Structure formats: C-alpha cells, structure tokens
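Welcome, and please have your viewer ready. We will go from stop to stop, selecting a few residues each time.

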Amino acid sequence: MSQSVSGELEYRKNYTAYPWHIDQLELHFAIGAETTTVSAQMELQRKEGSVGPQSITLNGSNLQLVSLSINDQILAPGDYSLVGEELTIPDAPAHCILKSTVLIHPAANTALEGLYQSGEFLLTQCEAEGFRKITWFPDRPDVMTTYKVTLEADKAEFPVLLSNGNEAGRGDLPAGRHWVCWQDPFPKPAYLFALVAGDLALVEEQFITRSGREVALKIYVEAENVDRCGHAMESLINAMRWDENRFDLEYDLDVYHIVATNDFNMGAMENKSLNIFNTKYVLARPDTATDVDYRGIEGVIGHEYFHNWTGNRVTCQDWFQLTLKEGLTVFRDEEFSADMQSRALKRIQVVRDLRLRQFPEDDGPMAHPIRPEQYVEINNFYTATVYQKGATIIRMYHTLLGEAGFQKGMKLYFDRHDGQAVSCDDFLAAMEDANNVSLERFSRWYSQSGTPVVSVSDYYDASARTYKLILEQSTPPTHDQQEKQPLVLPFALALLTAQGDALPLQMEGEESSSETTRLLMVEDARQAFTFVNIPEAPVPSLFRDFSAPVKVSYDYSPNQLAILIEHDTDAFVRWDAAQRMAENAILEQCRRHAEGLELQLDAGLVKAFRGVLSDRQDDLALLAEAITLPDEDCLAEHMKVVDVDGIHAARQFVRRALATELESYFSARYTELNDGAVYQKSSPAMARRSLKNTCLSYLLETSGGEALATAQLASSDNMTDTLAAIRGLIFIDSPQATGALQEFEEKWGGDTLVMDKWFIMQAIKPGRQTVNKVRELMLHPAFSIKNPNKVRALIGVFSALNPTGFHAADGSGYSFHADRVIELDSINPQMAARMAAAFNRRKRYDEGRQTLMKAELQRISELAALSGDVTEIVKNALR
C-alpha cells in the first residue's frame, strides 16, 4: 500500500505489501486524561523476497516522541527521518526489536480519532488511520499481528480498563493505581485496536455457543443508562445465534464487549471483542426510542458483530478494498434484519435508502466505483457506494448462485483466507471456484462507477401469442469515467394479466414452462427475450425484489401501475408501482405550478390510495409504505433542473388533496389502529403504529387533525407516537406546537440522546425561516458543535432533509452551512467533510442557486490550513 503525504492522491495500482512481518505488538498505557504515556515494543522480521531499501517506515501523527530504540540502542534524531506522518529508520537489521515511548493528550483531541475523552471516560477510534495518533506503527490494514496490551491508571478515576481479546491478568499498584492486561490471540490490523478507560456501569449476560463454549456478553454504559440496554443485548444474542445458523460462524473469544459513547464520528466500530458504539445504536426504552431506533439498534448491533468474521478474521489488504468488508457485512446485517422482522419491509427500506443516498452519489462530483481507484482522504470514502451499493453487489452474487452456492463460496473464502488481509478479487475467486463458474464479466461492478439505466420496450403479437421484451442498458458518464461497459444484471421478471394473474413464462425454444417468475441474465448493451403462449398483452413486473441496482425506464400506463399495486405478489414491485404513480402525479403538478396553472389531483392516485387504505389482508407496514409519498429529494432526481419550491408546493398540494378526498378512509384506519393498547415492541405492533401515524400525518391536513395529534400526544406511552404527534403539529404551524416542544424539552432536557430528536423536529420544518431557528438552537445548552450527534441532528438534518430551508433562494441556508463547515474543520475534519458534501449536487439546481453554492465553496476553499478531508470534497464539488 502506498502511503502518501496528506493531501496527495493515493492510487490502488501502487499497492505494495509491507516488507516487514511483525510477530507481536506489546503496548503499555499509563493513562491520564490530560497526558497518556504509550510504550510500544514490536519484533520485526524482514520478509523474504522483499525488495527496496532495508528501512522501516512507521506512521504517526500528533505524537510527542520520548524515546526510540532498535535492539536497545537509542536512536538520535539523526538516525531516522520524519516527513509528515512517516518516520523512516534506514538500514535496519533484518531482525530487530523496536521500542518507542510517546506522549499523547486525549482531552485535547477533538477530532475523535486515536485516544480521546468522552464525558468522564477515555476511548479510542482507530479506523481508518487513527492508530497513528496513539503510537508509531505501520498503520495500514495489511499489517496484522497479535496484541498484548497493559493498561495502568488511577483506580478511582478509571476503574474499568478494557482492550481487545481475553483478560490475561490484573492487579493493584501503589498510589491508588491498578493495571489490567489484555491479550488477543488473533492477528489483527491496527485499525481494530481499541481501549476504554473510565467509570462505567455494566450490563452482563452469557451466551452458549453451538459447540458449548461460554461467552460473557458485557455492555458498558454510563450509570444512568443501564435500564436502556435490554434491546441491544437481545439483538446481540439474536445476531450470534443467527450467524451460527445461517453462516455456520461461531464467536471465537471468551468475552464480547460493547461500550456506548455520546461522542463518536460514526455509528459503531467493530474492534475485535471490544465494539465501541454511538449511544444512538445501543440505548433504547419505549419512552426514549422510536420504532426506527429499535430497528436501527438491531441492525447495527448485528453489523458490528458480523464483522468478527467478515472484516476482522478476514480483512482488507488496503483501504481501496473497503467494500470487501463493509459491503459484505451490510448484506449480512440486511439479511439478519429481514429474518428478525419483515423481509418485504426491509427490502423496501433498503431500496429507498439506496435511491435516496447512493444513486445521487453516483451522479455527483464524488462518484466512484465500490472499489475506488484513487483517493486523497480515505475518510471521505465511507460512502453509500462502498456500503449500500457494495451490499447490493453481494446480493447479486447470492441471486446468481443461490443460497447454497453463496454459502459454498463463503466457506471457501474463510478456509482460504482466515487470518489474512485480502482483496475483492480474492472474494470473487472463492465464489467462482466454489461454484465452478466464471464471474469475469460480473467483476466490472467493482471497477465501474455510476448507476446503470435500463430502458425497456415491449411488443405483443396477438396472432402469434408472443411477447417480446427488449432491454437496453447504459451507464451515464461520470467525472472519473467517460467510457462505460455493459454490466451483468440479474433480471427477475413476471408477467401479469389484466386481472392480475401471473402467467407461465415459456421462452421461445422451450418445450414448456410452468414458472411464473424467471431470473434472466442481461449481459449485453441490448438483449431481447421472447415469451410464447401468452394469451393477452401482459403487464410486466420488472426487476422483481430489485434484483439489480438500476434505474428502470418503462412507460407504464396508469392502469398497468394500478394492476401491479393491487395484484403483484412481489412486495417491492407493488411499492415501486405506488411510488411511480405518486411521482407521476406530483411531477405533473410541479409542471403545472411552473406554468402558473391550477393544480389538480390525479384520479388514478386517489383510487389506488383508496384501495390500499381498504386493504385488510396485507402487512400493515407495507400499506404504510405504499401511501407514503416520495421524498422531495427523490422527486428532484427526476428533474434535469431541480425546482425546489415547485416540488414542495406540488407535493404539499397532493398530500392535502388526498387527505381531503380520502379523509373518511384515513380516519377509519386511524381510529381502528389507535385502540389504546399498551406499548409492545413486536413487529406487528410496530406495523400498526407505522400505518396509524402515516394516517395521522394525512389527517393533520384536515380540520380535525390538530385535535387528533394533541390527543395522541397526551395519551402516548412511547416515543414513536409522541414524535409523530409533535412533528405533525410543527408542520401545520399549530399553536400547540410551541407548548409541545417546551414540555418535551422540560422532560428530556437532561437526556442528550433524546434531545437530538428535539433538535431534529425543528430543523426539518420546511421554509426559508428555519435557518434562523437552527442558528438560534445552536446557542441552546444541549447543543455542542464538538459533538457529532448534535451536529448531525441540527446542522446535518437541516442541510440534508430540509430542501426549502437549505436551498432558500436568498442563499441564507448555504451561507449558514458554509460557516459551520469552516467552524468544524478546525475541530473535527471528518465531520466538516461530511457537512461539506451537502454542496455536492449544486449543478442540479438553477443558475442562481448554483452561483450561490459556488461562492460558498470558494469561500471554504480559501480557508488557511484547510484540512485534507474538506479540501477533497470542496475541490471536487467546484470541479
């Protein structure tokens, strides 16, 4: 792997293996919040066949070097060179013991990388390149070794001392200090190192593995949060059992720790045996967490646990291969959540998220393949493309090979590479070899950026009773690739009659077929499929279960969409047809709005919604999804130049008109579901709340809605119903909203996690005046610009989920946001870069907004000492 000076491009093609083998890393930490002393010892052996100078290159950042020695010979400054984050020792012995001692300062570390302080305790975050902020070491994922870690600290201040692996000893020291030793027998890269020191409460359970081994499960939280860990523990136990049953993978150590912190740049981190979590993905109680929170906790707990094999035992050789561990593990957590909840609902949520977050990424200035070819800052490539699209590529392996074939490939992958750092090519080879197939053309998914567009046309010959489907695929040019190749697309298909019955799919040349769903392969730029014995012009059900991550262009008639909504057995296609019908209706009103014409409600949409609201057979959560209108950002993806205000006006008109036209139907379902039953956490209960609160959101557009929301708020015994009521009151400018927010603040003002919801509710209120409210809320005692959760809840939500506020025509939203990027850059460059990405789609907007965004980007770019993280984002956005 090439290591570059910060701010310079790194290229995948330049990868070279590290020339030294490290047998074991021994670390000793003398822990203090202001200053921590880190002593390291490692045994290095030059690898046979290594070429180039026999020098040792280590990475370090913000380290105060106390001493450095080789084979107990102290090295003077002239014995090594220090350039940027690289320390190089020339002419090193082929076998040597390297020792170092450094000082680091956790309390002053606001970037939240390396060792830092969160509240009253200390913890680490080392992925991707945070270990270099702890000690000098080759901080790259292909350097794997075992770790022996001794932690020493004041016993009263830091009674809990944790690191990776199994505990190997503990004892007391003079002056009220104590020590604990941890040893991890499994080789790992530095990014998986973890340390926690503090005064934390413990919630503990035991898990018995399938082979009979006892594993201690321990969740550490601040004392006031011990009653909110039950769901996280339950999710962990479910994940461990599921991985044994589905993937035949068993946990491999004696203990599994989770530590929850309020100060974390990401959702969670899979450090071997010591997962560190954002409190958002651990803490839950019915009155503090929504159903979405509960599902999120289950998914993220599962995700980090599943990394134990797909990421830890087998890791990636360089950061270009990030999707190897993340795409695969996201697929695994999606499957886990689907098995724990509703598979159909989970699939719809995954597709909606992909379309909302990843498709725009493919069309923006940071477009990249799931395996990038180059980057400046790897932190900027923890993206929806690497994670969500990467998971979709893994799902296509599963679709192509089937469950049995996929599991054969997984088994071979682990058999070959356990304990190794490998590449995406190694994963593909395992799938090929285990199933005796060639996936050479499929591998293009790893190297090609952009979202394929599949244009579908058809022809029915009544006299011959044949039906011909023609598929043409193309991927629009992206900034990094002008020329695109055809990709392998699994194409799941059904054909429905006008009555909604699925037809047998007999292809031309086949003697017979009784299958009503076929999985076909689209591999060329243009392919045609002809079906015989088709008695009438059918309605095509295309890319069922979203069998490939593509945009489908097919000119469905309103009647065809209605047939799919009412009759298709594929939940994704039914939902997608409802979304298409709503999109068509809203975009037509957007056109009329732009032309100054009177807006009109589409009768077909009313009929479809009436049918959904009358359905007493289907999953209630799926019904809620079907009547949820597309987000404004999703609608914007269908416009060449985004009409921010027109989309908002058209969507609001359609919502209000549907609520008025179908008030009795919404009211009937709401009354039926608002039965006063005591809160339950079950999936059916969540589904009932989902449909109930979706109906309430429409009823709030009618004269009686305010009273319903006020009554629901007064009687609510759970956060899901509480937030639905308050949000609704805010969105209709109800006089009751101010009091509801005040009561919420009075009740939860001391709970940092719940207060995030309070900030979010106010930041998403549409309109150009919201920026003033957001600015005011930044002065609230519960807000801190240094806390990533608060930044995401207030600033991130405003820019990402409030189009009319962020994209206000006067540029006030842009100016405010640019100020926050500049402010954050000196505190936490990772968070600053993520906030700067809000400007990535500027070229999709009208000339006036483009000009305003460009001016703010230029202002950011002119900042002295701008971080590499933000520089990369801004430079690409300005391109």
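Is Asp 819 buried, partly exposed or exposed? Asp 819 is partly exposed, with a relative accessible area of 25% (buried means under 20% relative accessible area, exposed over 50%, partly exposed in between, with a 1.4 Å probe and protein chains only).

Before moving on, note that this is a predicted model, where local features need pLDDT of at least 70, side-chain atom pairs count only at pLDDT 80 or more, and totals for chains, interfaces and linings use all residues. Residues are numbered from 1 along each chain as its sequence is written, and side-chain values use heavy atoms, leaving out hydrogens and water.

The term means a side-chain nitrogen of Lys or Arg within 4 Å of a carboxyl oxygen of Asp or Glu. Arg 859 sits in helix α25 (residues 847–861) and Asp 819 in helix α23 (residues 812–825), 40 residues apart. Helices (H or I, at least four residues) and strands (E, at least two) are DSSP runs, numbered from the N terminus.

Next, select Glu 113 and Lys 133, whose side chains form a salt bridge at 3.2 Å, N to O. Both residues are buried.

Finally, pick strand β3 (residues 36–46). Its covered face includes Val 38 and Leu 44, while Gln 41 is on the uncovered one. Strand β2 (residues 20–30) pairs with β3 in the antiparallel sense over 9 bridges (pairing takes at least two DSSP bridges), and Glu 26 stands opposite Gln 41.
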